[in-house]
Amino acid sequence: PWHQSAFLELRKMIDQNHLPHALLITGVEKIGKFELAEQLIQTLLCKEGSCGECSYCRALKKDNPRELLDYSTLIRRSHYPNLIYCRTELREKSPGMSKDIRGNQIRAFCESLGKTADTLQVGVIFYADQMNTTAANSLLKTLEEPRKNTLIILLAHNANSLPATILSRCQSININPTYSEESVKWLSQHIDEATRDDFDAVQLLESSHGVPFKAVEDLQGDYFFQYQNWQNLLLEIALNPSKATE
């Protein structure tokens, strides 16, 4: 529900045929930028706007570009032929994830989008604020020369980390943290039934700074149990200051 305002902006662009060639979706970590991008892509491809049953919707449903791979790759291809993803991947010479999106990844990304397409082709970069300088410069060349039937979607936690030259060539959509009743209701429905009585959705949303996906993720571990223990300890110290020295 906290995507509604941002999606209405996108829907207006589509209806008025003003969708840009480069779209920047911003918001704090775990606010759901990728989910909004998925919804947009499905709306653009599906003739019914997002039926979930057509060949496009079924192809997109098979994608899992956030899954960690055990091998290095430059870009990932979707089950929809004209969709590619670019993200940080495994380092080639050492274990663990690369901290940056590298120049050779963006070059491969842009080259794949450089081919003429009769139908919409889409490229998604997440997260664009993880591009190193070489990667950003490589992307800029493509943004300066928009290609027909091509949409580039950049996701970023912190837009201020992107070069001004890239920002100026993208239409920005921001997803704000939420404390609305609709979001509280959504969170309540996504709390495991076994622990639903132990937590208050309003407090969970406040503790996660208005990021429902983060609240759900934290509930899967012991974060909130530790948080509650600290709260109870601080309350006990406040009521019995002598215990602070124990």
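Let's start with the cysteines: a search of the whole structure turns up zero disulfides, a disulfide being a pair of cysteine sulfur atoms within 2.5 Å. Cysteine 51 shows why: its sulfur lies 3.6 Å from the closest cysteine sulfur, in cysteine 46, which is too far for a bond.

A word on the background. This is a predicted model, where local features need pLDDT of at least 70, side-chain atom pairs count only at pLDDT 80 or more, and totals for chains, interfaces and linings use all residues. Residues are numbered from 1 along each chain as its sequence is written, and side-chain values use heavy atoms, leaving out hydrogens and water.

Now step inside. Buried here means under 20% relative accessible area, exposed over 50%, and partly exposed in between, with a 1.4 Å probe and protein chains only. Helices are DSSP runs of H or I with at least four residues, strands are E runs of at least two, and both are numbered from the N terminus.

Finally, look at helix H4 (residues 103-113). Eight of its 11 residues are buried, so H4 is largely enclosed by the rest of the structure. Among the buried ones are Ile106, Phe109 and Leu113. The buried residues of H4 pack against strands S2 (76-77), S3 (83-86), S4 (121-126) and S5 (150-156), and helix H5 (133-143), where contact means heavy atoms within 4.5 Å.
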